[in-house]
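Please keep the sequence and the model in view while reading.

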Amino acid sequence: KDDIPTIRPGYWWSWANRNFSDDEVRFVNFITQLMIKTDSYHRNSVTFSGRLPIVYRCPLPDSCQGGVTNEEMCIEGYAGPLCSLCDREYFSWFNTCQRCPPLWRGVLQLLLVVLLIVIFMFA
């Protein structure tokens, strides 16, 4: 029931290769048509004859959530090939991607360090 072909969590594929761009559009359309539960689907879109990209195991399995398109492959904070890079506003920390702290926190920490230096210099 409701089975659709997608990549399992812990795996990644990329439609980014220019040879696959039309195949990605057709595959997403194919998946969309499979999800229609009435007779309103397009009969010429219920088969997929294109090429699927090669599937790779992710080096950080928890970073790859699976899916169909490149946009939904990586969990929040991860990006790039095999979801092995940190997304914007994230930084790498012990093989995980952590959200960058807000700017005010960095400014506050800098002010505290300067204050401590001034106190120790004149104390």
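## Aromatic pairs

Rings of Phe, Tyr and Trp (for Trp, its six-membered ring) are taken as a pair if their centres lie within 6.5 Å; planes under 30 degrees apart are called stacked, over 60 edge-to-face, and the rest tilted. The model is predicted: local features need pLDDT of at least 70, side-chain atom pairs count only at pLDDT 80 or more, and totals for chains, interfaces and linings use all residues. Residues are numbered from 1 along each chain as its sequence is written, and side-chain values use heavy atoms, with hydrogens and water left out.

Ring pairs join Trp13, Phe27, Phe30 and Phe48 into a cluster. The count of aromatic pairs comes to six. For Trp93 and Phe94 the ring centres are 4.9 Å apart and the planes stand at 85°, so this pair is edge-to-face.

Helices (H or I, at least four residues) and strands (E, at least two) are DSSP runs, numbered from the N terminus. Two strands pair if DSSP finds at least two bridges between them. Strand S5 (residues 90-93) and strand S6 (residues 96-99) are antiparallel partners, with four bridges. In this pairing Phe91 stands opposite Gln98 in S6. In a regular strand the side chains alternate between the two faces of the sheet.

Two residues lie between the strands of this hairpin, and Phe94 has a positive phi near 50°. Is Phe94 buried or exposed? Buried means under 20% relative accessible area, exposed over 50%, and partly exposed in between (1.4 Å probe, protein chains only). With a relative accessible area of 70%, Phe94 is exposed.

## The nonpolar core

A nonpolar core is a set of buried Ala, Val, Leu, Ile, Met, Phe, Trp, Tyr and Cys residues joined through side-chain atoms within 4.5 Å. The largest one has 17 residues, and Trp12, Trp13, Phe27, Met73 and Cys83 have the most contacts inside it. S1 and H1 each supply at least two residues of this core. H1 gives the largest share, three residues.

Contact means heavy atoms within 4.5 Å. Beyond its neighbours within four places in sequence, Trp12 is in contact with residues including Ile7, Ile54, Val55, Tyr56, Met73, Leu82 and Cys83.

## Two buried serines

Ser63 sits in the loop between strand S2 (56-57) and strand S3 (78-79). Ser63 is buried, at a relative accessible area of 1%. A polar contact is a pair of N or O atoms within 3.5 Å; within protein, one must be able to donate a hydrogen and the other to accept it, and residues adjacent in sequence count only if both atoms are side-chain atoms. The side chain of Ser63 reaches the backbone oxygen of Leu60 at 2.6 Å and that of Cys83 at 3.1 Å. Apart from neighbours within four places in sequence, Ser63 is in contact with Met73, Cys74, Ile75, Tyr78, Leu82 and Cys83.

Ser14 is placed in the loop between strand S1 (11-12) and helix H1 (21-35). Ser14 is also buried, with a relative accessible area of 18%. Not counting residues up to four places away in sequence, Ser14 touches Pro53 and Asn70. The C-alpha atoms of Ser14 and Ile54 are separated by 7.6 Å, although these residues are 40 apart along the chain.

## Salt bridges

A salt bridge is a side-chain nitrogen of Lys or Arg within 4 Å of a carboxyl oxygen of Asp or Glu. How many salt bridges does a search of the whole structure find? There are three.

Asp23, Arg26 and Arg51 are linked in a network of salt bridges. Between Asp23 and Arg26, the closest N and O atoms are 2.2 Å apart. These two residues are three apart in helix H1, which means a separation of about one helical turn. Asp23 is buried at 4% relative accessibility, whereas Arg26 is partly exposed at 43%. Asp23 also forms a salt bridge with Arg51, where the closest N and O atoms are 3.7 Å apart. Arg51 lies in the loop between H1 and S2, so this pair ties together parts that are 28 residues apart in sequence. Arg51 is partly exposed, with a relative accessible area of 46%.

The side chains of Arg99 and Glu76 also meet in a salt bridge, at 2.7 Å from N to O. This pair links distant parts of the chain, with Arg99 in strand S6 and Glu76 in the loop between S2 and S3, 23 residues apart. Arg99 is partly exposed at 47% relative accessibility, and Glu76 is exposed with a relative accessible area of 60%.
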